[in-house]
Amino acid sequence: MMFEYAPAPESRSIVDIAPSYGLFIDGEFAEGKDTFKTVNPASEEVLSEVALGGPEDVDRAVAAARRAFGSWSALPGSERAKFLFRIARIIQERSRELAVLESLDNGKPIRESRDVDLPLVAAHFFYYAGWADKLAYAGLGPDPRPLGVAGQVIPWNFPMLMLAWKIAPALAAGNTVVLKPAETTPLSALFFADICRQAELPAGVVNIVTGAGDTGRYLVEHPDIDKVAFTGSTDVGRQIARAVAGTRKKVTLELGGKAANIVFDDAPIDQAVEGIVNGIFFNQGHVCCAGSRLLVQESVAEELLSSLKRRMATLRVGDPLDKNTDIGAINSAAQLERIRELSEVGAAEGAERWSPPCDLPDRGFWFAPTIFTGVTQAHRIAREEIFGPVLSVLTFRTPDEAIEKANNTPYGLSAGIWTEKGSRILAVADKLRAGVVWANTFNKFDPTSPFGGYKESGYGREGGRHGLEGYLA
Amino acid sequence: MPESSVSHRGFSTPTGGPGVGSRHRLSVRKTYKLFIGGAFPRSESGRTYLVNGDNVALASRKDARDAVTAARKAQPKWAGATAYNRGQILYRAAEMLEGRRAEFVALGVDGDEVDAATDRLVWYAGWSDKLAQVIGAANPVAGPYFNLSAPEPTGVVGVVAPSSLLGLVSVIGPAIVTGNTVVVLATNPQAAITLAEVLATSDLPGGVVNMLTGDPAGTAPWLASHDDVNALDLTGVTDPALAADLERSAAGTLKRVLRPPAGTVDFTADPGLQPMTALVEIKTVWHPKGF
């Protein structure tokens, strides 16, 4: 049964969004020549007007970062650490405000931005702050050196968390950065610029250039950057890998995925169902490591699917600022279109589509949680990243078949295993070609835990000691 | 060490065989073929080229593809072998290399370099069961979870090898000790194929190392664009334009690319961990803790 909940909206009055924002270069906000609008995907209301960074803006930002690099990298690590600790503290103090902001600009439920994104953002800065004066102990040689200026391009699915993954290790290692947030979610990076000023971070150490795909391209191709860090689609990752060929730029790429979530017949069904729901519906499925392919052992498929459908019927889709909301808004009209298109392809190719009865708001971008059964490996919905709340269900009979199917993808970012048998977890985990394997859990993240892909899911790791490697020589 | 480029071919010590008196015995020459899947086939193209008076196989596109197939086939078993076993086999290769020292010297390789190459194999043999301990981690996550990171091989690695024997061993060693299999485009064909003979007698499973001779600039693009190659080591590429082309081509399947070093490499120096860490993937496994 469905319980009726009274609305429990988080107040948005805690956030003060300015009508317009410039670029944050050399410690100052500067107006850009052109602008674009960022909207709340839950209401299509314009939140603010933001500068569209052009080639000259990127030039200025890179030059500022270059100027700042000398003194920033020469600071004792213990001093850099204290700046990062300050930033971490300010994030904690302002986390309610930032969580509301993130939900407004991105569309993700407040429960998630408040309980997952923001705590992880602060934890990330705390973690890497502690590394800044301990780099000689990181196992990368006795005197690891920063690379210089890092050009960083991040996606819209976890705007502030991806910023933390990029900026915290870069600064701890002594680099300076120019970061381009995603076109549809620029606001939290601009608030972060303000946090840098509050922390009295030296000018030019962090520069934020908002814009669209071209802005990111200017940055990645800029001759005076030493490092490219990108999180986003595999297609753009390929373009970046081509663009840096023949240069000395160091590159880390965290790209797409099509993770298999494997449920064996001895798995505790209720826990597995929670894990499947968390795996694919967390953050509207806008997660590169989402468990978007469910591989369920044939003998329990029927029982599992009826349980899953029952659970899906209780998911609450709607106002991201409502504390009861499980699934918020799709981030943009373009993304909604892609999800719709691939879902139509799934049905047209013969898979069976199911969604629970679900009222969607009239305005904004919404997509009901959806599963496809009867999916084969040839179906596009089993091969392509949908990046939405859409799960493809396949079955298997033997562990070997499960492993074969799980690995039958050019991606290799993450995977899930559900079974009560310890030896099976370890044997299957060994054989899965994926950078993160969650056993009897899914979509867990921690600053100490390295994250990144095999194969076409990219290269390099973010998080943990391994995350320093991408920013040191 | 005689300077003549063909001097090694005879091993022409008088042997005093039956009825030959003081005449030099006619030596048995070696045919330099490719090394693919543990066998020594000729190039499927039927082509050879002359190196120091010997006909050496000129590998073709098809040979490169066959070598990738052999490397892929060998990869899971090699990666699944125990680290102890891989270390034993690399040490065995060092033993075999030591035993063939004179042959390499006769090919014109400095004796000290053969020794250094042998020692380099011993060094890598010892890493097999230590790398995971040095670069793996038990991560203290903020929650009731077991969280372990460990290296795994990247897969099939295409290598454009440097021209020295020490350089060759220094690119093969780190790739295979970590569980990868390799397709090597050799730039010193006779020493490379002789090294292949060392490896073939070291209990190294067929296909773990595949050695192609010929024109690396001609064959490397096929490896760079091959969908079933996971990484490309360009240490031996000396032409920056070719290196950039190969890197661009490798981007199609997002291969890991080891760019050619900026200056000349001193292969006698301590290689550090980087040649191994560049060819592994860190896998992190999470599991809840609870009663």
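This is a predicted model: local features need pLDDT of at least 70, side-chain atom pairs count only at pLDDT 80 or more; totals for chains, interfaces and linings use all residues.
**Chain A as a whole**

Begin by selecting chain A, whose secondary structure comes to 15 helices and 18 strands. The radius of gyration of chain A is 22 Å, close to the 23 Å from the globule rule for 473 residues, so the chain is as compact as a globular protein of that length. Along the principal axes, the C-alpha atoms of chain A fill a box of roughly 65 × 50 × 35 Å. Of the 473 residues in this chain, 58% count as buried.

In soluble globular proteins, nonpolar side chains tend to be buried together. Next, select L84(A) and V184(B), the residues with the most contacts inside the largest nonpolar core, which has 179 residues. Helix α4 of chain A, residues 110–131, gives this core its largest share, 12 residues. A second, separate core has 68 residues, and F282(A), I417(A), A429(A) and L432(A) are among them.

Return to L84(A) and display the residues around it. Leaving aside residues up to four places away in sequence, L84(A) touches F125(A), Y128(A), A129(A), A132(A), A168(A), L171(A) and A172(A).

**Helices α3 and α4**

Now select helix α3 of chain A, residues 95–106, together with α4(A): their axes come within 9 Å and cross at roughly 120 degrees. That angle makes α3(A) oblique to α4(A). The crossing of α3(A) and α4(A) is right-handed.

Which residues of α3(A) meet α4(A)? They are S95(A), L98(A), A99(A), V100(A), E102(A) and S103(A). On the α4(A) side, select I110(A), S113(A), R114(A), D117(A), L118(A) and A122(A).

Key: Residues are numbered from 1 along each chain as its sequence is written. Chains are lettered from A and ligands numbered from 1 in the order in which they are written. Helices (H or I, at least four residues) and strands (E, at least two) are DSSP runs, numbered from the N terminus. The radius of gyration is taken over C-alpha atoms; the globule rule is 2.2 Å times the number of residues to the power 0.38. A residue is buried if 20 or more other C-beta atoms lie within 10 Å of its own, exposed if 12 or fewer, and partly exposed in between; C-beta atoms are placed from the backbone. A nonpolar core is a set of buried Ala, Val, Leu, Ile, Met, Phe, Trp, Tyr and Cys residues joined through C-beta atoms within 7 Å. Two residues are in contact if their C-beta atoms, placed from the backbone, lie within 7 Å. Axes are lines fitted to C-alpha atoms, for helices over the stretch in contact, and angles run from 0 to 180 degrees between N-to-C directions. Angles under 35 degrees count as roughly parallel, over 145 as roughly antiparallel, 65 to 115 as roughly perpendicular and the rest as oblique. A crossing is left-handed if the near helix is turned anticlockwise from the far one by less than a right angle, and right-handed if clockwise.
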